[in-house]
Amino acid sequence: MYFRHFILAILFLFASQAAYPTHQRAAEIVYIHLSGLTFGIYVISYTFTPSPANQYRSILPVNWGDGTTENIPRIQETLLPDDITYNLYYGEHTFPGPSTYVISIEDPNRNGGILNIPNSVNIPLFVQTELVINPFMGGYNNSVQLLMPPIDNGCALQPFYHNPGAYDKDGDSLSFKLVSCRGAQGLPIPGYTFPPATQSFSLDAVTGDLIWDSPPQQGEYNVAILIEEWRNKIKVGSVVRDMQIIIIACNNNPPSFDPVADTCVEAGQTLTLPVTARDIDGDSLLLFGSGGPMLVAVNPATLDPYPAVGKDSVTTFFQWQTTCDHVRKQPYQMIFKAIDNSTPVNLAAILSLWIEVVAPAPKGITATPIGNAIRLLWNPYSCPQASGFWIYRKADSTGYLPGYCETGVPAWLGYQKIAEVQGNSAVQYLDDNHGTGLVRGVQYCYMITAFFPDKAESYPSAEVCAELKKDLPVITHNSIRHTSNSTGSAYIAWSKPTELDTMQAPGPYVLKINRKTASGLPFIPIDSLPNLNDTVYFDTLLNTANDTLTYLIDLFNNTPGNRFYLGSTQPALSMFLNPVPTDEAALLSWSVDVPWQNKTYIIFRKDPGQISYDSIGFSQSNTYVDHGLVNGEAYCYFIQSIGSYSSSGFIDPIINYSQQACCIPVDNIPPCPPVLHIRTDCDLLENVLTWNPGADTCPSDVAGFYIYYAASWVPPDQLMLIDSVKNPADTVYIHHQPSTIIGCYAVTAVDSAGNESLPSNIICVDSYACPGYTLPNVFTPNGDGKNDVLEPFPYHSIESINLTIFNRWGTVVCSTADPDIQWDGKDKSTGRSCSEGTYFYVCLVKEQSLTGVATKTLKGTILILR
């Protein structure tokens, strides 16, 4: 059993506390894995001892979440002061298969008078726990265990602190959040609220510290905490604790702890820490604690004294003799709680302490060169629980020493993880660069760490370095001497071998020069040299203007009758410069693939009309942007690389050159898109477009603007060019259409070179931007030349109408499909003038819009006056 509730603490906690004659106060469900699909489930609840319901709670119904329920027995009943009963129920259940199961209990009812649960005495207590059975998550899960009791108390207007003391046996990551308390059928309780606070009521999602600053009113409150377990970023279970906080009016101050910093300890070492609590009121204090270190099966931690009791201040000593069994990725949490003996309520303080147990570093690391590889050896590892070892490599030494809590190999060192060696009994690794061989002239440095089943990583080993024997040539130069399409030349140089095994290969020797001009093509032998002291070669009649050149030097033992291949240099690619022209600038990039390390590149430029090059800048990468050029003028460049091998005995620095390459800057960067605004003039049926220049990060050589339009909504690339504005200072355009305002608009900016910007924001104007089709309610057909005919107010975007006008008896006196109407007040059947009075109309209007034609019906009255 991996949880423990502190009966002594509860006795102290409730020694001076009153209790209402009620039933359920707090509860939670936790579980342990037994075997296969079988789990042991514990239900912990706190109830009111004299309650009749408590007498009949020797069993408790549990919903297993798989469609079945079962009554499980109470296996422990502890009577606490002030009529509080601690109940522990236990049952075992075999689940049908992998899935997610929500185990729950619902027990009527809660105690009365809970201030943040309306009518609490009639509300059941409901808690649930999520059990995930997933064969792919790395073993069966055990739920989190909560080590601090779920009933706590505090003073009104004083900060309240609580921590559930969550411990996860499996080392899973935990997160905490406040959730609503639940009632009947697991539903939210109507009217439930979190407790009110004078400042704040919060829960730390990482530590689980609940801070209530501060309770404004005495009484009982219930809150629920959801603790979720995460393994490799996947949720593997959760527990909901429904707890009760009892606030009483008092003027006591809570205790406080002396600060204790989170810490690390190397497995096998003993960690000893004093933990001290103080009380400014001079009250007597009880100090106790629990957490993962005290619950591990092997060498659990101890507190001495436990509990610690004192007046004014109290100290206990935490001591833990750690072992490799304690190594895990997640740190352990210890929760310390100090309670005073003040009346009418005992106040408490909590201290959360995180302890990481780090595996020791692998010891006795050696690195020995063997041919094109380096063999690493180390001592048998001291922790048999390790899963294997991670091998890290870097060219050249760092001199790194890990910090106190710094595990693994930090990325900022520049080391790369190159291999994983499985098995805790492994003691060696051969680094041959995954079959391609290591490079002579490079000092290779290594660090090794042990890793564990949960990917916990040990301290890194001491750094060890080695380099291959110099028993082959080491290429140092592949430099372009002359740039030409046909008469170019390259300079190739190498360092001769100084550690040849002359017993195996007594010589003489032959050096074979190989070259290839494109990736994917094979090397072609171009020459051979009979003298080992020959370390320079000039290759001529090349197309260095367009080709990349890669060279490889083979070494042969040429003893008469015993000619054989000894090995080769690493291939080295000539730098190839690629200048890309742009607006008043050149974008320079160059290819680099050499066995040594280039640290700096110097950029040389020849300006228009000049005959010599001059350095203009440097770069530590293989790119450079040359600004401030003149469009239309030719600029030529080459690159000088400066590098070295990390081993001694080589020319330093190693300097090489690219070919020369030219470009002519050209204005190919468009202006920024304008920002468009539109105002519609409904009287003139005009859309007035205005725009602002785009962002000032783009070129400012705007020469004009293009106006794009579509009569309906279309994708941006389907807008049609309808006009242009030639003056860059003119940022207003009026679009007039005879009968509509509808349309979508965008504007682009164009520079003097014809580069067009991306479209501005698109703005669409729909028919509702102006008043729709409307009829007047009176006209005077008396022949005075004023208002003699019925006609609509100015309109737009009308496709058709169908107007019918009736007299008071329902007789049609006018009908027309002409949107202008122009009715003179005469009866369409008799041709006689209609009498003065009120007439009725129905008008079916088909109105254009961005999305098509919309139909609407107008109804109203028209008064004829003569």
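Which strand gives the largest share of the lining of the second largest pocket? That share, three residues, comes from E28. This is a predicted model, where local features need pLDDT of at least 70, side-chain atom pairs count only at pLDDT 80 or more, and totals for chains, interfaces and linings use all residues. Residues are numbered from 1 along each chain as its sequence is written, and side-chain values use heavy atoms, leaving out hydrogens and water.

- A pocket here is an open set of points on a 1 Å grid over the protein atoms alone, where a 1.4 Å probe fits, with protein on both sides within 12 Å along at least five of seven lines; lining residues have an atom within 4 Å of a point.

- Of its 20 lining residues, Arg393, Lys394, Ala395, Val442 and Tyr444 lie nearest the centre.
- Strands E28 (388–395) and E29 (416–422) are the elements that give two or more residues to this lining; strands are DSSP runs of at least two residues, numbered from the N terminus.

**A look at serine 104**
- You will find serine 104 in strand E6 (residues 99–107).
- Not counting residues up to four places away in sequence, serine 104 touches Ile29, Val62, Asn63, Phe126, Val127 and Gln128, with contact meaning heavy atoms within 4.5 Å.

Terms used:
Helices (H or I, at least four residues) and strands (E, at least two) are DSSP runs, numbered from the N terminus.
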